[in-house]
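Look at the sequence and the model together while reading.

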Amino acid sequence: VPWRWGFSDPTVSVGPKTEACYEILYKPTFIGKTAGKVVFVSEGLGEFWYELKLNAEKPRPVSLPQMSAELGKSETTLIPVRNDLTESCLVHITLSNTSTLYCTVRERCRYRVTVK
C-alpha cells in the first residue's frame, strides 16, 4: 500500500447552515501515482465522496556542508537517516565514489561518511 490513512477522529460535526473542513494528510511511502477517495456518510446529508489524485515524487537531495581533507588525512560528517514509519526498516546505502568515501553506521544516531 503506497499510502496510509490515519484518523485523529473519524467523524466531523457540522452545525446547521454551516460548513466544516476535514484535513487529511497524504504521507506516501513509495514513488508513483495512485488514487484514493474520502467518503462522508450521514443519515441527514446522505453519502458523498471526493476523488483524490495522489502523486508521490522522488525526494529532492539534501545538501550537506562541503567536506574537505588534506591529502592523506580524513574528515567525517554525520548524516541523519529518519524513519517516520511505525516499524523498523532496512535502508540501502549507495556511495557515488567508493575510492574516496567510506560509510559506517553509528547505532541510534546517524550514518558517518568519511572522506579519505
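What does the accessible surface of the protein chain come to, and what percentage of it belongs to carbon and sulfur atoms? The surface is about 10700 Å², and 53% of it belongs to carbon and sulfur atoms; such areas come from the Shrake-Rupley method with a 1.4 Å probe, and for residues only the protein chains shown count as cover. This is a predicted model, in which local features need pLDDT of at least 70, side-chain atom pairs count only at pLDDT 80 or more, and totals for chains, interfaces and linings use all residues. Residues are numbered from 1 along each chain as its sequence is written, and side-chain values use heavy atoms, with hydrogens and water left out.

The protein chain has 116 residues, and 9% of them are buried (under 20% relative accessible area; exposed is over 50%, partly exposed in between, with a 1.4 Å probe and protein chains only).

The chain has zero helices and five strands. Helices (H or I, at least four residues) and strands (E, at least two) are DSSP runs, numbered from the N terminus.

Strand β1 covers residues 32-42 and strand β2 residues 46-56; the two run antiparallel and are joined by 11 bridges. Two strands pair if DSSP finds at least two bridges between them. One of the bridges has G32 and A56 as partners. Three residues lie between β1 and β2, and the two strands form a hairpin.

K17 lies in the segment before β1. Most residues other than glycine have a negative phi. The phi of K17 is positive, near 60°. K17 counts as exposed because its relative accessibility is 88%.
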